[in-house]
Amino acid sequence: QGVTLTGVVKEADGVPLPGVTVQVKGTNRGTQTNADGSYQLTNVPAGSALIFSFIGKTPQEVLVGNRTAVDVVLADDSKSLQEVVVVGYGTQRRKDLTGAITSISAEEFQKGNIVNPEQLVAGKLAGVSITPPSGQPGGGSTIRIRGGSSLNASNDPLVVIDGVPVDNTNISGASNALSLINPQDIETFTVLKDASAAAIYGARAANGVILITTKKGRQGDQLRVSVSALGSVSQLVNQVPVLSADQFRDVIGQTGNAAQQALLGTANTNWQDQIYQTALSGDYNASVTGSVKNMPFRASFGYLNQNGILKTSNFERFSGSLGLSPRFFNNHLRVDVNLKGSIINNVFADQGAIGAAVAFDPTQPVYSGQDTYGGFFEWLDPATGRPNTQATRNPLGLLMQKQDLTTVKRSIGNVQFDYKFHFLPELRANLNLGYDLSSSTGTIFVPADAALQFNRGGQSSQSAQTRDNKTLEFYLNYVKDLRSVSSRVDVTAGYSYQDFIRKSPSFPELTANGTEFTPAGVPFETQYTLLAFFGRANYTFKDRYTLTATLRRDATSRFSPETRWGWFPSAGFAWNIKEESFLQGAKALSALKLRIGYGVTGQQDLPSGLSDYPYLPRYTLSDLTAQYQFGNSFYRTLRAEGYDANLKWEETQALNAAIDYAFFDGRISGSIDVYQKTTKDLLATIPVPAGSNLTNQILTNVGNLENKGVEFTINTNPVRNERHNLDVGFNITYNQNKITNLSKVPSPNDPGVLVGGITGGTGNTVQIQTVGFPTNSFFVYQQVYDASGKPLEGVYVDRGRNGETTGDGKITIDDRYRYQSANPKIFLGFTSQYTYGKFSAGFVLRGNIGNYVYNNVRSNYGAYRNFTNALGFNANGSPNVLETGFVNNQYFSDYYVENGSFLRMDNFNLGYNFGKVSNRPGKGMNLRLSATAQNVFVITNYTGLDPEVSGGIDNNLYPRPRIISAGLNLDF
Amino acid sequence: CLQDLDRQPVYDVTSASVYKDPANYKQVLAKLYAVLAVSGQQGPAGKPDIAGIDEGFSNYLRQYWKAQELTTDEAVIGWNDGSLPDYHNMNWSSSNEFITAMYNRIFYMVTATNEFIRETTDAKLAERGITGQAATDARTFRAEARFLRALAYTHAIDLFGSVPFVTETDAVGSFQPRQISRAELFTYVETELKAIEEEMAAPRAAEYGRADRAAAWTLLAKLYLNAQVYTGTARYTDAVTYANKVIQSNAYALDADYSKLFLADNGSSREIILPVTFDGTRTKTYGGMTFLVHAAVGGKMSPTSFGINSGWAGLRTTKGLVDSFADPSGRTDTRALFFTDGQNLEINEVLNKFEDGYAITKFKNVTSAGQPGSDVEGNFPDTDFPLFRLADVYLMYAEAVLRGGTGGDAATALTYVNLLRQRAYKGTTGNITATALTLDFILSERARELYWEGHRRTDLIRYGRFTEATYLWPFKGGVKAGRAVESFRTVFPLPAADLIANPNLKQNTGY
């Protein structure tokens, strides 16, 4: 019968340290310290030793003896490289790492109203650009690791949740692969940035890999309950500038004809005031961690209800998780069961209201005083009294008269068996069986009297999607310390099988009263399978030199039997220079390590909308609305599809060289990484020679793309004493992206492929993919200005074809030139956390430099022709028209391409830790209060609402609100 | 689990299976015709046939219409979408996305028809055990596919001149087709049309919407009438011959009322030799007639009287067309379907100024009884586009005779022209005498009779008035008074993208 042990763990400066792992040596029993640094362990055998460990601290082993209280002070670990890091298919000692891997754990996560997991680490990781979502509730970020390696295929990283690689095609109603995970359940967030780290995931790793592990119970844990609540208020920061009602009357008075002037109303309506609201949100979480006999467990439940600042928009998420980690046969068999489920209910507001609020005539009232069209003022056809279908719809009517609901259900689960052989404990066998099921159902209802769908009698439609993904992975791992030759080997070999099924039935569209309006189309179902064999060998000599090599052989059903297999090798080398005798005397230097890695990764994700059978000749049946008439019969048509029988993997070769450093007992630490990624056989959509295929553009393997860059990270701890502690971190990344080839037949005159559709006109594009330029470069005319700096309408520099400076006297599309790109050249993050006793404060600043933005709001609303038309209504526009005087929209002028460099304070937080608020024996209760402000300010010269636009075309983005939150955490 | 890598499509069918069942053949044939009408497999948009451009824009008929009409005195468009204004300004370059889309649509038709022709050879039919009526039908379908390919290649000859050349012997794959000369392609199309003549249905014996022998003859007559332009060798006698075949088949007749030819129920017309069919609920597109009806409505025009929910306020005409009518009011010549209330005859602004230029009320989505079309929402018309109609054949006959073609005579030519004028004037008051029947009169009569039906550019080129200073219209060449432009603009450039993709191609002179 053992004793019950209690104690407190503190830092050297006396600050209690929560989250420290306390383990009974030689067992898997242990616990973690509470918010006040205290812990309790029951039934500790006499004579045991306890091991106290915490990231960044030197682990300590303490003999219990006959004590019942053991207090410990943990010192900072100058060799924090000791810790273990999650890598693909297992873990590695940080000091053995050869690749570029960054790991962030729970205590470093961003705080506040965090809906999606990736927002936890925004601004904290060099080389990882996380563009936050628009203000839409539940929106997902765009994640780019070291620039996008693909042109038309996906640039999203592979996400692996508790060992299950998940599908990164989104289900409708969920923003990205991470969006259904409750951020509160996440323990660590690890990014494999370079190929030597990621290549173990081979064909899916070209854009890097994100490994997420969720919180789990530990053997011997006491029952711990943790509850938290966070309330938030979201507010619109700025409105899009538009003409006031009086300015509008002036403009119509000057430029309109009699009929247009007669349309003017007498109201003064600020339409943006009408559509936005101050929104309240709540986030509630509860978790229970503990261990019943040999069964450590953690169960959690979360409820999030987020209202959007655009009226009616709402996001609601219920999430639950259960983790069981039983151990059998004297810990030889470890079983981990993870079950996660979530249900999301979205109410999507019609985001058309955002543009409509900019364009709607401010002299008109919100309500007409009539009962028709829901009482909203609408532009009508005077002849019929029906809505003018070309006119801007009443912005508030769009919100109030459309109900767009989606429910997404998802469950991810896996069971992992890890068996350490009895006769050969160095050898482990690991079997991982996982699933990822999701379904989404949506309905849209527009009442019959809504102007939006009046002519068809309203709308009642539904949609559904399912994803059914399965994973089976098995590997063997052998680790052996060969002390006699100062070596350590770590070898892994395995097999992976994954299957993905996507289905989407087709439903008829009904009118509001249930009459069929459009018949159902062709249902969608597609399936693909991935299969792989992989291996990794890690060899360390004298704890100083480490060599890692991986090899993966992948196959995908998306390509033909001749091209579907690919090899993905990598090699890495690390040298712990600090361990060398010649640096033993360098006391200030606490760590120095050199890493060099090279690897090949692949890509087989296809652009969305493409079938999973791009290599097969297929025929597609048309919908009932695209039939052709012969005689009195209509025929659904069968179309032969274009295909490329030789389609194969896209390959990215990446080189990484880095130095990790630490000084003054780790009070300054960080790393510098230099990388180059070259993608060849890009999966790119390019024009085919006319006549050679059954389409004009096809996805094929063509061209090369290059990303190179430098990442620098420094973390410092300038103040550390008994009461004060200050941590300051800074990271900066320079990335250069360039297309180096984009045609089957290399040609210096390749005009490139137009991309970047804008709003305004039809089919207008302002970006281009061209050899020698960054991806998504803007493709615009060079504006000519008068002496006063005013742009001259339609006057552009006559550049001639391919940017020659001698023009031909005509301005045609050939005079457009490549001007800047949406990709930031530099992005940086600056974080700081300060504690003073029980009080803490911190901030995260994030910035981009050299990202250009096409101001589509100005280009689309900034011409006099926007105000009047021959269609029977007037519309408002941007006051920018008063500066330019443009009569017609100059969509392709570089005047609208603006420098979007910015510095944003993402997060500012305050916390107060009350510590123990209840002292009932054995039932400590800790309370922590926090307050957070998100999106505090943005410093930029960009003239639009927000310079941070994924893709670089700013067009009525759902504005990101400023969010103020207050939270409470209670542990007992 | 290695066999799991051989996944097969669930709803799509593979080429191997589609041709096993003869019932599928007509659906593949329907697609070939639908290439002209819709933009993809989902109506009105979705799963497009070609990419890289807005789907509605890219529609075959819409692009063909724009290339043939916006470049002339018959139409201006008020939208500054991409390089669209280049058409009327006559300063297009090889990067023009509309020209590129037209070219891609033509070659989409060519490769789609090639695929069907390749899969329906007699040998393949026998191999699949398709015999009897199914085999007979398949052969007729194959002849129609060859007709559609000839139609697309004729558009290529007319618009682009010398282009890449592929037939059913070129399997789908990654290769670079050879370039064929304009004259050589002319001969190929001529040979093809003559070869399929007998396999096609007799005039008006096919189902409505499908091409028959008369459609092939009309296309041949068109080719021959323009042979001087296409090949340097006049073929007016052949033009007379094939126009005669159409007329003398007596299968087609002029409709009584000109204005009813362009309404939602024009599918019952006996004048239309080959339509592109549309339907408000079953054949939906943002190109084709949807474009043609909506884009022409704006200003004080009432959308309801066009059977649509709204206008798009884009298309008007220049005074070049208006002035070709002695009386543009419509009171005498009923073909003058102009809308003038609130519209200015003179154009000062092309872009975004719908009032400048008369509007045209020719195409409507209402039936001859005044009822709106079948789409209750008023978006998609039922109106069919008359690609070939008898009036055009009459005028081709007359012109070919006047240009010296034998096998016809001037008196018959005069009769045919006066048939059109009697219909237009609802009596003989508009009839002309033999001396008035000149080549210039025919060009002008073609404008009056056939305006906005996709003929004008070809006609002006044949008459030497497209690029030249001899005939100017408002904003020809981008200036208000009009100006001559470079003579090389009688053909469009090959798209820059294809010149890169296919190094076998040589750009047209001047571009």
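**A colleague's note on the two-chain model**

1. Let us begin with a pair of facing residues in chain A. A:F474 has A:Y495 as its bridge partner in β26(A). The strands behind this pair, β25(A) and β26 (residues 487-504) of chain A, run antiparallel and share 17 bridges. Together β25(A) and β26(A) make a hairpin, with 4 residues between the two strands. In that turn, look for A:S486, whose phi is positive at about 50°. Keep in mind as you read on that this is a predicted model.

2. Now follow β25(A) to another partner. How many bridges join β24 to β25 in chain A? The count is 20, linking strand β24 (residues 427-446) to strand β25 (residues 459-482), and the two run antiparallel. To find one of these places on screen, go to A:L437, whose bridge partner in β25(A) is A:D468.

3. Chain A also has an open sheet of 3 strands, in the order β4-β1-β7, with mixed pairing. Its edge strands are β4 (38-44) and β7 (72-74), each pairing on one side only. From one strand to the next, the twist averages 30°. Within this sheet, β1 (residues 3-11) and β4(A) pair in the antiparallel sense over 5 bridges.

4. The next sheet takes strands from both chains. Which strands make it up, and in what order? The order is β36(A)-β33(A)-β1(B), an open sheet of 3 strands with antiparallel pairing. Its edges are β36 (638-640) of chain A and β1 of chain B, and each of these pairs on one side only. Strand β33 (residues 618-621) of chain A is joined to β1(B) by 2 bridges. At this crossing between the chains, A:R618 has B:T14 in β1(B) as its bridge partner.

5. Here is the wider contact between the chains. In chain B, 96 residues are in contact with 80 residues of chain A. Several elements of chain B each supply at least two residues to the side that touches chain A, among them β1 (13-14), α1 (15-18), α6 (97-119) and α19 (496-501). The largest share of that side comes from α2(B), with 9 residues. By type, the residues on the side of chain B that touches chain A divide into 41 nonpolar, 35 polar and 20 charged. For the complex, the predictor gives an ipTM of 0.97 and a pTM of 0.89.

6. B:Y11 is worth a visit while you are at this contact. The residue lies in the segment before β1 of chain B. Leaving aside residues up to four places away in sequence, B:Y11 touches A:V522, A:P523 and A:E525. Is B:Y11 buried, exposed or partly exposed? B:Y11 counts as partly exposed because it has 14 C-beta neighbours inside 10 Å. As for distance within its own chain, the C-alpha atoms of B:Y11 and B:T154 are separated by 36 Å, and the two residues are 143 apart along the chain.

7. Chain B has a helix whose length you can check by hand. Helix α10 (residues 213-225) of chain B has 13 residues, so at 1.5 Å a residue it should span 18 Å.

8. Some backbone details deserve a second look. Most residues other than glycine have a negative phi, and most peptide bonds are trans. In chain B, a cis peptide bond joins B:G43 and B:P44, with omega about -5°. You will find B:P44 in the loop between α2 and α3 of chain B.

9. Two residues of chain B have a positive phi without being glycine. For B:A313, phi is about 50°, and the residue sits in the loop between α13 (288-294) and β6 (315-316). B:A313 counts as buried because it has 25 C-beta neighbours inside 10 Å. For B:W452, phi is near 65°, and its place is the loop between α17 (439-450) and α18 (456-462). B:W452 is buried too, with 22 other C-beta atoms within 10 Å.

10. One last point concerns confidence. Where pLDDT is low, the predicted coordinates should not be read in detail. Chain B averages a pLDDT of 96, and 100% of the residues score at least 70.

Note on methods:
Residues are numbered from 1 along each chain as its sequence is written. Chains are lettered from A and ligands numbered from 1 in the order in which they are written. This is a predicted model: local features need pLDDT of at least 70, side-chain atom pairs count only at pLDDT 80 or more; totals for chains, interfaces and linings use all residues. Two strands pair if DSSP finds at least two bridges between them. Axes are lines fitted to C-alpha atoms, for helices over the stretch in contact, and angles run from 0 to 180 degrees between N-to-C directions. The expected span of a helix is 1.5 Å times one less than its number of residues. Two residues are in contact if their C-beta atoms, placed from the backbone, lie within 7 Å. Ala, Val, Leu, Ile, Met, Phe, Trp, Tyr, Cys and Pro count as nonpolar, Asp, Glu, Lys and Arg as charged, and the others, Gly among them, as polar. pLDDT is the predictor's confidence in each residue, from 0 to 100. A residue is buried if 20 or more other C-beta atoms lie within 10 Å of its own, exposed if 12 or fewer, and partly exposed in between; C-beta atoms are placed from the backbone.
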